[in-house]
Amino acid sequence: MKKTIRISVGALAQSVLCSGDLSSGFLGSTRPGDGIVAHRKIQNSREGEYNREVSVSLSAEIQDFLLEVNGRIDGVIHLHDRVIIEEIKTTHQSLDHFEKVDNPLHWGQLKIYAHIYSVQEGLDEIEAQLTYYQLDSGGIKEIRRRFTRDELEGFFQKACERYIAQIADFEAWCSLRDESIQQLTFPYAEYRPGQRKMATEVYRSIQDDGQLIIQGATGIGKTMAVLFPAIKAIGEGHAEKLFYLTARTTGRAIAEKSLDEMREKGLRLRSVTLTAKDKTCFRPDAACSPEECEFARGYYDRFETSLDAFLKQDAFTREVIENTAKQYTLCPFESSLDLSLWADCIICDYNYVFDPKVYLRRFFLEKDGEYVFLVDEAHNLIDRARDMFSAEIEKKIVLEKRRPLKEELPEIHKSAGKINSWLLGASKRCIETGGFLAEKEDPSDLYPLLKNFLTITDRWLSLNIKKPYREGLSDLYFSIKDFMRISEQYDESYTTMFVKARKDFRVKLFCMDPSTHLERVLKRCKSAVFFSATMTPAHYFMKILGCDESTHNLVIYSPFPNENLCILLANRISTFYRQRGKTKTDVTRMINAVVKQKQGNYLIFFPSYEYMNMVHDLFKEKNPETKTIIQTFGLKEDERDRFLQTFTHENPETLVGFVVMGGIFGEGIDLLGDRLSGAVIVGVGLPAISPERELIRDYFTNKSQAGFEYAYIYPGMNRVLQAAGRVIRSENDRGVVLLIDQRFSNYQYKTLFPEEWHPFHVQNETGLTNILEEFWNHPPL
C-alpha cells in the first residue's frame with residue numbers, strides 16, 4: 001500500500017517553485033476581501049461559455065507515495081477551436097512589471113492547473129492565461145501562453161518528484177525521531193517531587209486534546225516537566241509540532257538547555273529558536289530588498305542549497321542560524337522562519353502565535369494542525385495579550401512623518417493632513433474633559449480617512465522609490481495598518497481612549513479583556529499548557545486566558561523543606577503612596593535588620609523606581625559602609641547580566657540590590673545557594689494607577705464585581721510571589737523573605753499566599769532580629 005499524500009495546487013507550487021529574491025521591496029498589501037471582489041468582477045465580465053471555480057484533481061504514483069493534487073481553476077474559457085484556463089491575481093504593482101518579469105510561482109501554479117485539466121479532458125494542447133488586476137487603477141493585464149501536454153506533464157512530474165523527495169526526507173526523519181523518542185528515558189537520575197505528576201498531567205492533556213493550567217513551585221524543573229511529556233506525545237503520534245512560547249531570553253535558553261540534555265540521552269528532535277528580526281539582521285542599515293541587501297538578493301536559490309548544511313544539526317539556535325546564514329549569504333531571520341517548517345519544536349516569543357499583526361501565517365492562516373502550545377511564565381501573557389490586541393495612533397508621529405512629503409507627495413501629504421485634522425478635533429474634546437476621554441464606541445468616522453491614506457500610500461510604496469522620507473512613511477503606514485486590523489476585532493471588550501499628554505495626543509483602541517481573542521487563537525492548536533510559579537487564583541487565569549470550561553488546574557507545591565525558607569511579615573508599616581515619606585525610615589530600618597544579620601547578597605523589591613530611589617538614598621545615608629547596586633530604568637540585556645554577575649558566592653561583603661517588582665529581576669533569574677540570601681518585598685506590588693488600569697477595573701466590576709481584583713490585586717500579588725520565588729531555587733538553598741505592608745494581613749491578599757507559607761509576624765526591628773538570629777544560627781538537622 002502506497003501512502004496517500006494530499007496537497008493543493010497552490011501549496012505544491014509554494015513548496016517547490018520558490019526561487020529568486022527574498023522580496024522585490026514593498027509589494028503592496030492585498031486584503032483577502034479585495035481579492036475576492038476583483039475575482040468576481042473579472043469572472044462576471046467574461047462572455048460566452050465560461051466556467052468559474054472549476055474543481056480539478058489528479059493522482060500521481062511516485063516512489064512509495066500516492067500524491068493527490070487538487071484545486072479550483074478560477075475560470076475555463078471554451079472557444080470553438082481551443083480551451084483557455086485562467087488564473088486571476090490581484091496586485092498593487094505596475095502591470096508592466098509582469099510583462100517584463102515572470103513570476104515563477106504564478107506561472108508554476110497555472111501550469112499545474114493546465115496539466116491536470118488537459119489530462120482530465122484529454123487535450124493535446126491548452127492555453128493558459130494569467131490575468132493581473134491592478135487594485136488601485138482597476139487595470140487588467142492578460143498574459144497568455146500555449147503549452148503542449150508533453151511539456152506540461154514533464155513540468156508536473158518534476159514538481160511532484162521534488163515535493164515527494166521533501167516528503168520522503170521528512171518521513172525518514174520522523175521515523176528516526178520517533179524511534180529515538182520511544183527509547184528516551186527521563187534525562188535525570190530521578191524526578192523531583194511533583195515533577196513526575198506534572199509530566200503525567202501534561203501528557204494526558206495532550207493525549208485528550210485538552211487545556212491545562214499549572215502552578216508549579218519554583219525549582220521543581222517545570223521546563224523539563226512539560227517538554228519531556230510533550231516530546232513523548234509526538235513520538236506516540238498525539239502531536240505534530242510543539243510551540244514553546246516564552247517572553248524572556250532566559251526562558252528560551254532554559255528550553256534550549258533542556259532539549260540538549262535530552263539529546264545527550266539519545267533524542268533526535270529538530271528545534272528552531274526564532275529571534276526578533278532587529279536583533280539578528282546582518283544589514284540594519286539597508287532596506288529589506290534585493291536592491292540594497294545582498295542577503296535578500298537570490299535568497300531562495302541559495303536557501304535550497306544551504307538546507308543540507310542546516311539539517312546536519314538538530315538545534316537551530318540563533319548562533320547556528322547566523323553562522324550558516326553568513327556562510328551562504330542568507331537573511332538569518334527569514335532562514336529561521338523557513339527552518340520552522342522542518343522543526344519539531346519552535347521556541348519563540350508569544351507574539352508569533354497570539355499577535356494578530358505578526359503571527360506565523362504559514363502555520364495558522366489556512367488550517368490548524370496537531371499543534372501543542374507550551375506557554376512558559378503564562379502569568380505574563382495577560383498584559384502582553386492586551387498590548388497585542390490594542391493599537392494606537394499618535395498625532396505627533398502623523399505630523400512628523402507628514403512634514404517632508406509636502407513637495408513630492410502632495411496627495412499623501414493631504415491625506416495625512418485630514419487624519420491630523422480629525423485628531424486635532426478629538427484632542428480639543430479631550431482637553432474639555434481634563435485630558436482623558438474614554439468611549440465605548442469605536443472611532444468609525446476616522447476609519448475612512450485611514451483607509452484612504454493606506455490606499456494611496458500603498459500605491460507609492462509599491463513603486464519602491466528610494467527617498468529619505470521613505471522609511472518614516474513606511475513606519476506610519478504599518479502603524480495605521482495595524483490600527484485598522486485591530487479595528488476589525490473591536491467589540492464589547494474594547495474601549496476607545498483619547499489621551500492628551502503634554503504636547504502630544506493619541507487615540508487608542510484598548511483591549512480591556514483579551515479572553516475572547518485568546519480563545520480564538522487557542523482553537524489553532526489541539527492542546528495548550530499554561531505554566532508558571534504564580535497562577536493564583538486559578539479561576540482568574542482560566543477566565544482571562546480564554547480557556548474552556550473543561551480546563552484542568554494543577555498545583556505543585558514546593559518540594560523543598562519549609563524550614564529552609566523563613567517568611568516574615570511586617571504588617572504595621574504602610575506603603576500607601578501618601579504615607580511613603582512618613583514610613584520610609586521604618587522601611588529602611590527593617591531592610592537594615594535583614595541584611596545586617598548575615599553577610600550575603602540581598603534583593604530589595606519596590607513597586608516603583610521613585611519609591612526605590614527614595615529608600616535607597618536613605619539606606620545609603622544610614623549605612624554608607626554597605627555596598628549597594630541599584631536598577632536603572634531601561635536596562636539592556638547585557639547590563640542586566642552584569643548586574644546579576646555581581647551576585648556571586650565569593651562576595652567578601654554584603655551586597656544589597658535595589659530593584660523594581662515585576663521587572664527584569666523579579667522573575668526568570670536563578671541565583672542559587674549563597675548567590676542570594678534573602679529578599680525584602682516592599683508593598684503588595686499593585687500596578688500603578690493609570691487610565692488603562694481604571695478602565696480594566698470598571699469593566700470587570702460591571703462584568704463580575706471583581707474589578708479591583710482583576711486590575712490590581714491579582715497582577716500585584718503575582719509580582720510579589722515571583723519576587724519571593726527568587727530566594728529558594730534548590731533543595732540546598734536557605735533564605736529569608738520579608739514582606740513589608742499592612743495590607744498583607746488583609747484577607748483578600750493573604751488568601752493568595754502559597755499554602756506552604758507560614759509567616760512570622762514582626763512588630764519591630766528587635767522582633768525581626770531575634771527571629772533571624774534563630775533561623776541563621778540554628779539550621780535544621
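Guide: Two strands are taken as paired if DSSP finds at least two bridges between them, and the pairing of strand S19 (residues 565-570) with S25 rests on two bridges, in the parallel sense. One of the positions concerned is leucine 569, whose bridge partner in S25 is histidine 761. Everything described here is read from a predicted model. S19 and S25 belong to an open sheet of seven strands with parallel pairing, in the order S21-S22-S20-S23-S24-S19-S25. Its edges are formed by strand S21 (627-630) and strand S25 (760-761), each of which pairs on one side only.

There is also an open sheet of eight strands, again with parallel pairing, whose order is S10-S9-S11-S8-S12-S17-S7-S18. Strand S10 (315-316) and strand S18 (552-556) stand at its edges with a single partner strand each, so one side of each has no neighbour in the sheet. Starting from S10, one comes to strand S9 (residues 271-273), which runs parallel to S10 and is joined to it by two bridges; here valine 272 stands opposite phenylalanine 316 in S10. S9 in turn pairs with S11 in the parallel sense over three bridges, and in that pairing serine 271 has cysteine 345 of S11 as its bridge partner. The next pairing joins strand S8 (residues 241-245) to S11, in the parallel sense and over four bridges, with isoleucine 347 in S11 as the bridge partner of tyrosine 244.

Most residues other than glycine have a negative phi, and most peptide bonds are trans. Against that background, aspartate 209, which is not a glycine, has a positive phi of about 55°, and its place is the loop between helix H6 (195-207) and strand S7 (211-216). With a relative accessible area of 47%, aspartate 209 is partly exposed. Glutamate 377 likewise has a positive phi, near 45°, in the loop that lies between strand S12 (371-376) and helix H15 (381-388); glutamate 377, however, counts as buried, because its relative accessibility is 17%. The remaining feature concerns a peptide bond, namely the one from threonine 536 to proline 537, which is cis with omega near -5°. Proline 537 is found in the loop between strand S17 (527-532) and helix H21 (538-544).

In soluble globular proteins, nonpolar side chains tend to be buried together. In this model the largest nonpolar core comprises 140 residues, and those with the most contacts inside it are Phe243, Phe354, Phe373, Phe530 and Leu545. Helix H26 (residues 707-724) provides the largest share of this core, ten residues. If the neighbours within four places in sequence are set aside, leucine 545 is in contact with Ala378, Leu381, Ile382, Leu518, Leu522, Phe530 and Met535. Apart from this core lies another, of 42 residues, which include Ile73, Ile112, Leu123 and Cys160.

The largest cavity has a volume of about 130 Å³, and 15 residues line it, of which Lys277, Cys281, Cys288, Cys293 and Cys331 are the closest to its centre. Helix H9 (277-280) and helix H12 (332-339) each contribute at least two residues to that lining.

Terms used. Residues numbered from 1 in each chain as written. Predicted model: local features only at pLDDT ≥ 70, side-chain atom pairs only at ≥ 80, totals over all residues. Heavy atoms only, no water. Core = buried A, V, L, I, M, F, W, Y, C linked by side-chain atoms within 4.5 Å. Buried < 20%, exposed > 50% of the residue type's maximum accessible area, 1.4 Å probe, protein only. Contact = heavy atoms within 4.5 Å. 1 Å grid on protein atoms, 1.4 Å probe; cavity = no way out; pocket = protein on both sides within 12 Å on 5 of 7 lines; lining within 4 Å. Points joined across faces, edges and corners; volume = space filled by probe spheres on them.
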